[in-house]
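Work through the exercises below with the sequence and the model open. Each task is followed by its solution.

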Amino acid sequence: MRHLLSTKALTRDEAIGLLDIAEDMAAVQEREVKKLPTLRGKTVVNLFFEDSTRTRISFEAAAKRLSADVINFSAKGSSVSKGESLKDTAQTLQAMGADGVVIRHPASGAPHLLATSGWIDAGVVNAGDGTHEHPTQALLDAFTMRRRIHGAAARGKGLDGIRVVIVGDILHSRVARSNVWLLETLGAETTLVAPPTLVPVDTAGWPAQISHDLDASLAEHPDVVMMLRIQAERMHGAFFPDSREYSRLWGLDDGRFAQLPATTMVMHPGPMNRGLEIAAAAADSPQSTVREQVANGVSVRMAALYLLLSGGLD
Amino acid sequence: MARTVLNQADVQRALTRISHEILESNRGSSDLVILGIPTRGVDLARRIAAEIRRIEPGSTIEAGSLDVTMYRDDLARTTTRTPHPTELPAGGIDGKTVVLVDDVLYSGRTIRAAFDALADFGRARAVRLAVLVDRGHREFPIRADFVGKNLPSSTDERINVRVAAIDGEDAVTIEGGR
Amino acid sequence: MAATIIRGATLPDGTRADLKLEGGLIAEVGSIAGASGAETIDADGLIALPGLVDLHTHLREPGYEASETILTGTQAAAAGGYTAVFAMANTYPVADTAGVVEQEARIGRAAGYATVQPIGAVTVGLKGERLAEIGAMAASQANVRVFSDDGFCVFDPLLMRRALEYVKAFDGVVAQHAQEPRLTQGAQMNEGALSGELGLAGWPAVAEESIIARDVLLAEHVGSRLHICHLSTAGSVEVVRWAKARGIAVTAEVTPHHLLLTEDLIAGYDARFKVNPPLRTAEDVQALREAVADGTIDIVATDHAPHPLEAKEVEWDAAANGMVGLESALSVVQAALVEPGHLDWAGVARVMSATPARIGRLAGQGADLVAGVPAELTLVDPAASREFGLGDLRGRSVNSPYLGRTLPGAVVHTFHQGYATVRDGALRPADEIAALAAGSER
């Protein structure tokens, strides 16, 4: 694998292969020595044009546990406001000998540009681009689901027949996009639940059902309910009247959570707005995978970095 | 054309002999850990463990596996390798005698990587090496303690080890060269 | 200047004729006997078109000379078969005073590759707040008749109404950039299935269509002429068709790229394909082609929009909108309209020369190729085919969406004011052309 830019481009074999390697990486996390020498001498740059401490430290831990040297490059602000272009930044990293670049960028497609421009030879991992994709988040979500369902026998398996409900701001969510494609590839059935204002105008090509009725979707007792974070800035875009109404209609509150079977997983990519899209009872319940998702994030990112940076030949 | 060097019976005989030798040098199966190196070494290790249980009634020894992919020194020189699980016996390796089992001993690089991997799991009292075939051409000062068959070969020959659990039959063949 | 005889050209109506150019005019059309001293051009297999007229060009001078100058922009025009370009007002300073438009026209005349007809801004500084000095620009030596805030929509309905009314005094026309600003805040590409997938903010068709609908009704109400820039959607075509059926004095233009390219090209986030209005769907392209064929859309105009490399070699959101188009326009029209049978060459002459000249009230351009009219013409080889490359671009910027694409047809010769600006496919040098232009002014 040369780059990891989107889940849409992943084949089932590639996706399951990556999740299987993540299982091996997870085993390393349980050892006393949590470090592998695999990427010794390699340099991974975390190129973050957007603040995201959670994602950055997850990638940082992943790279360090594979013995790579990590350089954190915080380039907040777009190229236009900052004055330095993505091209100049890329060429700087190239000159520094970066083997892998983990990029988080507010503009959709920026990782694609970095990977295809010829400015840099490094493998590129998309750590979230605009409202496009966040592939490692979807992979860690799938990894978390697969582990909960199959346990120690997860290796080699997909998510066939698993029913997943994703709730929230689909329109602006890179997490939702990456999940939709990956879940389809792994054989799961996805329902997207959101107010009509927060769904793209044309989702005919998306392998997912669209619903505007959370209660009806939960009544079908899905295997997984994934709540998305509602961004503060959406409150002012006339996407919905106010946070109270959003919470009442689209939030996983105590009442809705109580109706779910005890086997239904409750997921959230974090950071959570407790009391808005998810009630504390749901977030802290044994059904919640939130903390597992964080731990699994490191394993999945180790797998991704391993696949991108270990092979010298394609 | 491939030429058969060891057939089914030869392989089984070799494993039985290696098992006896391991027991003899370790004075029994206590504090013994048998670890196969994926992929075929794992099956050979399981069979050696089974032999030991047969030879020494009361022994409950089970083989584990030690994946060395992440410790190899040639990761940047080949296509990406798919790692395999590492499974250690419940007691770990601290203070134990570890016998590493692999199918073919060649350059010694795999075993060198195995030493690094092993060190990350604990401190073995001693580490021994058992291989089904030793074909020579070492690039490290490594030698096997237990050898099924010494098979001097030229570097342009290919040694293929087939084991029943993976390939449907036991056989060692050699092909290529002059 | 010696006479030029063009032998055996095919006229737009399909007939073959010789043309004699003399004294800046087409002196004779028909079967012309050999004249001593006359230069002869063999035009066997070439189509003679009246010099192309672009109602929508961004020449970038004054202010953005790193992207294009009046000289380089008109060189690109000549290479594309154009003999006149209307220069949009979004320069720096903005072309909202008589001084700026006169300067542009003067520089264009001196350069000599094509007539530069400035367009005046509708509002001061293109800010959409108060009317620019439209009358002063109309009465200036630049003789401005087309007014546009292109790049920005004249969004305030009252201001638009006043502009439509006011230009009537000068037989002017307002060319509207139809884009509802609120519906397109942060918009990055056509809103549809692909924008949702790529995570690029959607630019809905209704943002264009609603402004066109409003403006045709305003034009009807005040009895004014209205021109719609760069229609890009099937819905816009429907609105204009309705307005024309009602007898409203609206004209409409489409760009070559909206006739050939679709939004699918954006999937690789290559900012060469970022343009305002955005590339739309295959259904829109089909509707636009049919609208040119049936006359709903009156003209093809390039919206030639040069940008430096650094404005395009960036992430999609940060990239500038726009494509260069003068050099490729005729080839794209051949591919999109002529070859599929929507338009014959007489139709090409109409939508790329005669009608734009008429909408812009530009005398001396767009005339049928008959004896006595100014010698403004281009000779095209329709049988040519080439992979469009950097060498085909003659302006200062290279932001063409066609690089690497095979396009039909080639401009072989272009004549402006009776002299060749392009000979045998090659642009003639600037000093020669400037000297010829100075000579023809006397």
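**Exercise 1: Chain A overall**

Buried residues make up 53% of the 314 residues in chain A; a residue is buried if 20 or more other C-beta atoms, placed from the backbone, lie within 10 Å of its own, exposed if 12 or fewer, and partly exposed in between. The model is predicted: local features need pLDDT of at least 70, side-chain atom pairs count only at pLDDT 80 or more, and totals for chains, interfaces and linings use all residues. Residues are numbered from 1 along each chain as its sequence is written, while chains are lettered from A and ligands numbered from 1 in the order in which they are written.

Task: How many helices and strands does chain A have?

Solution: Count the DSSP runs, numbered from the N terminus, taking helices as H or I of at least four residues and strands as E of at least two. Chain A has 12 helices and nine strands.

**Exercise 2: Positive phi**

Task: Is B:Arg27 buried or exposed?

Solution: B:Arg27 is not a glycine, yet its phi is positive, about 55°. Its place is the loop between helix H1 (8-26) and strand S2 (32-36) of chain B. B:Arg27 counts as exposed because it has 10 C-beta neighbours inside 10 Å.
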